[in-house]
Amino acid sequence: MRNNLKSKYLSSTFLLLASTVVVKIISALYKIPLTEYIGATGRGYFNIAYNLSMPVYALTMGAFPIALTRLVSSYDARGDRLKVKALRLASKRLFFIVAVISLVFILAMAKPYSSNISASPNSLFTILAIAPSVFFSCLCAGHRAFAEGFLDMKATAVSQTIEALFKLVFGLLFAKHSLEYLLNIYYSTQRVLGVIAFSKQQALSMIYPISSAFAMLGVTLGSMAGYIFAMIYTSQKYSDLPKERVDVKSAYNQLLSCSVGLVGATVVQSIANFFDTASIQFCLSRCDAQYLANVFSTTGDDVYTYVLGMYAVALDFKNLVPAIVMVLGVVAVPAVNSAYENNRERFSSLINSIFKYSVILSTLGGFCLSLFYNDLLCLFYSSSQDIISNAGRILFALGVTILPCCVATTTVYCVQGLGYAKSTIPPFILSAIVRVALNFALITNDEINIIGSAVSNLAGYLIIVVWNIVTIKKNTKIKINAVQVFVKPIVCGGIVFFVTNSFRQSFFSSTNSPLMLVLCGGFSLILYIFLLILMNCVTFSDLKSLK
């Protein structure tokens with residue numbers, strides 16, 4: 001039984017992990033030409049819109065879905081199909097209400113956030129374009145969470161892939177044609193939307209907010225398509241639920257009751273992340289504009305948005321690692337809930353495995369970003385030297401400090417999956433205070449500027465990791481094998497970093513070709529796996545479970 005659950009957990013994780021990697025590759029293919037169309041300034045508008053919507057996404061994807069997944073997992077383990085059906089019907093009502101509230105919130109906050117907090121009024125158009133995607137994402141989250149309660153990750157894996165594909169195709173089409181259309185008008189009339197532009201640079205500054213908003217419509221179409229698939233999939237996959245009438249109201253109240261702690265924790269987390277991102281934008285605006293223009297070699301009118309655009313480019317690569325590691329947490333919710341209720345020995349083994357693989361993936365991703373940051377940017381932005389040089393140093397800093405950022409998410413999911421969601425609130429608050437304080441101390445320094453965010457994230461998320469692990473140990477009385485979970489993967493990662501760097505300097509010191517990236521990347525991956533197996537950190541039985 002123990003091995004069956006662990007095997008199912010690993011196989012479900014592998015499916016979602018594979019789809020997440022595909023989604024991130026698609027996103028890279030999307031964002032690279034997108035940056036060519038809308039520029040770094042346009043990417044800044046994109047980033048501002050996402051910063052506003054992320055707290056809402058976090059609530060809809062990290063509170064109610066977890067509650068639904070936990071309850072479905074519990075009642076399915078008991079064989080109570082009537083309760084599962086009641087939860088299914090209740091969740092449809094709940095997620096629709098949440099979707100409407102989320103949409104209204106984004107629309108109401110669009111103007112004050114763009115003007116007063118981000119100091120970028122033109123980002124209003126992009127925020128309005130992303131608002132409907134929040135609605136459809138909420139609805140989709142309900143269907144995904146229900147399937148995840150059965151450790152069925154197909155709805156999540158396929159729907160997020162569909163979303164990415166729609167965003168790629170329609171986002172680029174809308175961005176390209178809107179940019180070309182407005183530029184042609186400028187060439188003919190010297191005006192953009194009726195306003196005189198005295199140079200092409202000025203015209204582009206006026207066009208980028210519009211083309212960015214059109215590109216964001218691709219995100220909205222993708223979320224709608226993903227919702228349609230998830231709805232059809234769950235309706236057909238779980239059509240064998242009992243035909244008897246069920247008490248939907250009781251299930252609805254139970255779902256709300258189970259969500260209270262999760263909502264509280266997620267709201268605090270969302271507010272904390274909101275203040276973190278808002279403080280980054282605010283503190284950056286306190287830097288000397290001319291100094292930043294010199295450092296980042298830009299002559300644009302909005303230097304702060306330009307720097308945020310560079311930060312967004314670096315985040316494109318950095319966010320791949322937490323997104324992959326987060327898969328371990330998503331799948332952990334139903335798995336740890338079932339294991340904790342039925343077998344403590346199995347639970348202890350599972351928790352240690354979840355944390356261990358989180359650290360392994362985080363360490364691997366971190367040293368790849370910090371070692372190949374320049375090569376990755378050259379590979380994808382070969383025609384944009386300013387992006388390679390400016391985003392490179394940001395990406396290196398993010399790669400070096402990425403480990404706690406990734407593992408924190410896994411620990412949060414595990415604590416919430418065990419039903420101790422309220423215990424995650426204090427570390428969220430303390431982490432936010434530390435991050436915001438460090439942002440004000442570091443980013444406002446002209447010489448450090450946006451790099452300071454990497455240091456603040458390192459300190460803030462480390463607090464969350466330590467606090468949550470202590471919470472799990474205190475409430476479940478299990479032992480965390482620190483050497484196996486943390487020390488061995490980090491030591492192996494450090495060895496791989498220095499060996500790969502020496503290997504590269506010896507054989508590829510004068511080139512940064514894609515072939516070099518493949519050879520050095522493959523070398524580092526094989527060496528890392530070899531060291532993990534040699535130190536008995538990864539076993540062959542674990543690898544067989546992925547089949």
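This report covers helix packing, selected residues, backbone phi values and cysteines in a predicted model.

Residues are numbered from 1 along each chain as its sequence is written, and side-chain values use heavy atoms, with hydrogens and water left out. Because the model is predicted, local features need pLDDT of at least 70 and side-chain atom pairs count only at pLDDT 80 or more, while totals for chains, interfaces and linings use all residues.

## Helix packing

Two packed helices are described by the angle between their axes and the distance between the axes. Helices here are DSSP runs of H or I with at least four residues, and strands are runs of E with at least two, numbered from the N terminus. Axes are lines fitted to C-alpha atoms, for helices over the stretch in contact, and the angles run from 0 to 180 degrees between N-to-C directions. Angles under 35 degrees count as roughly parallel, over 145 as roughly antiparallel, 65 to 115 as roughly perpendicular, and the rest as oblique.

| Helix pair | Angle | Axis distance |
|---|---|---|
| α4 and α5 | roughly 150° | within 9 Å |
| α4 and α6 | about 15° | 8 Å |
| α7 and α9 | about 135° | 10 Å |

Helix α4 spans residues 124–148 and helix α5 residues 154–189. Their crossing angle makes α4 roughly antiparallel to α5. On the α4 side the contact (heavy atoms within 4.5 Å) is made by C140, R144, A147 and E148, and on the α5 side by A155, T156, S159, Q160 and E163. By class, the residues of this contact divide into three nonpolar, three polar and three charged. In this scheme Ala, Val, Leu, Ile, Met, Phe, Trp, Tyr, Cys and Pro count as nonpolar, Asp, Glu, Lys and Arg as charged, and the others, Gly among them, as polar.

Helix α4 also packs with helix α6, which covers residues 200–237. α4 and α6 are roughly parallel to each other, and their crossing is left-handed. A crossing is left-handed if the near helix is turned anticlockwise from the far one by less than a right angle, and right-handed if clockwise. The contact of α4 with α6 has 18 nonpolar and nine polar residues, with no charged ones.

Helix α7 (residues 248–285) packs with helix α9 (residues 303–318). The two helices are oblique to each other, and they cross in the right-handed sense. I280, Q281, L284 and S285 of α7 meet Y304, V307, L308 and Y311 of α9. Six residues of the contact of α7 with α9 are nonpolar, two are polar and none is charged.

## Selected helix residues

Residues are called buried under 20% relative accessible area, exposed over 50%, and partly exposed in between, with a 1.4 Å probe and protein chains only.

G264 lies in helix α7 and is partly exposed, at 23% relative accessibility. G264 and G452 are 188 residues apart in sequence, and their C-alpha atoms are 29 Å apart.

I351 is placed in helix α11 (residues 344–380). With a relative accessibility of 0%, I351 is buried. Leaving aside neighbours within four places in sequence, I351 contacts V336, C414, I478 and I480. The C-alpha atoms of I351 and I480 are 8.1 Å apart, across 129 residues of sequence.

N457 belongs to helix α15 (residues 452–476) and is buried at 8% relative accessibility. Residues up to four places away in sequence not counted, N457 touches D276, Y311, C405 and R435.

## Positive phi values

Most residues other than glycine have a negative phi, and most peptide bonds are trans. L151 has a positive phi, near 55°. L151 sits in the loop between α4 and α5 and is buried, at 11% relative accessibility. K477 is also not a glycine and has a positive phi of about 65°. The loop between α15 and α16 (482–507) holds K477, which is exposed, with a relative accessible area of 67%.

## Cysteines

A disulfide is a covalent bond between the sulfur atoms of two cysteines. Here the criterion is a pair of cysteine sulfur atoms within 2.5 Å, and the count comes to zero disulfides. The closest cysteine sulfur to that of C378 is in C520, 14 Å away and therefore too far for a bond. C520 is in no disulfide, and the nearest cysteine sulfur to its own, that of C368, is 11 Å away. C378 is buried, with a relative accessible area of 18%, and C520 is buried at 0% relative accessibility.
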